[in-house]
Amino acid sequence: QVQLVESGGGLVQAGGSLRLSCAASGRTFSRNVMGWFRRAPGKEREFVAALAWNGVSTRYTDSVKGRFTISRDNAKNTVYLQMNGLKSEDTAVYYCAAVGDSRPNSYYVTADKTQYNYWGQGTQVTVSS
């Protein structure tokens, strides 16, 4: 059974930092696109960041560029989201996701949530102002 398990969420003051982790089990995702999404209260789930399986090509939503960094450790089958300079508008449940099929292009990355087949249960991030 494939599972994605997020951790690292919590309560932090504005301007602070958190590092989210997403540990995958049940299969390897070393050649799959990995992403982070979030859902704020009363809003739909939105794209935050994605990382190609080459570990280099990335995509971020505009509101987090320069503050968030996505990375992966294929040996640990884990993806991370380093969040710096947190703002109150970053408050949301953060979800890790994986694209199920491996793409031949190692630089392929997508923000389209319909392309992601596996999802974690989410971790709450609350930023107090």
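This is a predicted model: local features need pLDDT of at least 70, side-chain atom pairs count only at pLDDT 80 or more; totals for chains, interfaces and linings use all residues.

Visitor: Is the link left-handed or right-handed?

Guide: The link of Cys22 and Cys96 is left-handed, with -75° about the S-S bond.

Visitor: And are those two cysteines buried or exposed?

Guide: Both Cys22 and Cys96 are buried.

Visitor: Let us change topic. How would one look for empty space inside a protein?

Guide: A probe the size of a water molecule is rolled over the atoms, and this shows where empty space is left.

Visitor: How many cavities of 30 Å³ or more does the structure hold?

Guide: The structure holds one cavity of 30 Å³ or more. The largest cavity contains about 50 Å³ of space.

Visitor: Which residues line the largest cavity?

Guide: Its lining consists of Phe29, Ser30, Met34, Arg72, Asp73, Asn74, Asn77, Thr78 and Val79. By type, the lining residues divide into three nonpolar, four polar and two charged. Strands E7 and E8 (78-83) each supply at least two residues of this lining.

Visitor: Asn77 is in that list. Where is Asn77 placed?

Guide: Asn77 sits in the loop between E7 and E8. Asn77 has a positive phi of about 55°, although this residue is not a glycine.

Visitor: Why does Asn77 count as buried?

Guide: Asn77 counts as buried because its relative accessibility is 16%, and the cut-off for buried is under 20%.

Visitor: What does the side chain of Asn77 reach?

Guide: The side chain of Asn77 reaches the backbone nitrogen of Phe29 at 3.0 Å. Leaving out residues up to four places away in sequence, Asn77 touches Cys22, Ala23, Ala24, Ser25, Arg27, Thr28, Phe29 and Ser30. Cys22, one of the residues touched by Asn77, is also the disulfide partner of Cys96.

Visitor: Now to Arg67. Where is that one found?

Guide: Arg67 is found in the loop between strand E6 (58-60) and strand E7 (68-73). Arg67 is buried, with a relative accessible area of 12%.

Visitor: Which backbone oxygen lies 2.8 Å from the side chain of Arg67?

Guide: That oxygen belongs to Ser63, and the distance runs to a polar atom of the Arg67 side chain. Beyond four places in sequence, Arg67 touches Gln82, Met83, Asn84, Gly85, Leu86, Lys87 and Asp90.

Visitor: Gly85 is in that group. How many residues apart in sequence are Gly10 and Gly85?

Guide: Gly10 and Gly85 are 75 residues apart in sequence, and their C-alpha atoms are 15 Å apart in space.

Visitor: Where does Gly10 lie, and what is it in contact with?

Guide: Gly10 lies in strand E2 (residues 10-13) and counts as partly exposed, at 25% relative accessibility. Apart from neighbours within four places in sequence, Gly10 is in contact with Leu18, Gln124, Val125 and Thr126.

Key:
Residues are numbered from 1 along each chain as its sequence is written. Side-chain values use heavy atoms; hydrogens and water are left out. Helices (H or I, at least four residues) and strands (E, at least two) are DSSP runs, numbered from the N terminus. Buried means under 20% relative accessible area, exposed over 50%, partly exposed in between (1.4 Å probe, protein chains only). A polar contact is a pair of N or O atoms within 3.5 Å; within protein, one must be able to donate a hydrogen and the other to accept it, and residues adjacent in sequence count only if both atoms are side-chain atoms. Contact means heavy atoms within 4.5 Å. On a 1 Å grid over the protein atoms alone, a cavity is a set of points where a 1.4 Å probe fits but cannot get out, and a pocket is an open set with protein on both sides within 12 Å along at least five of seven lines; lining residues have an atom within 4 Å of a point. Grid points are joined across faces, edges and corners, and a volume is the space filled by probe spheres set on the points. Ala, Val, Leu, Ile, Met, Phe, Trp, Tyr, Cys and Pro count as nonpolar, Asp, Glu, Lys and Arg as charged, and the others, Gly among them, as polar. A disulfide is a pair of cysteine sulfur atoms within 2.5 Å.
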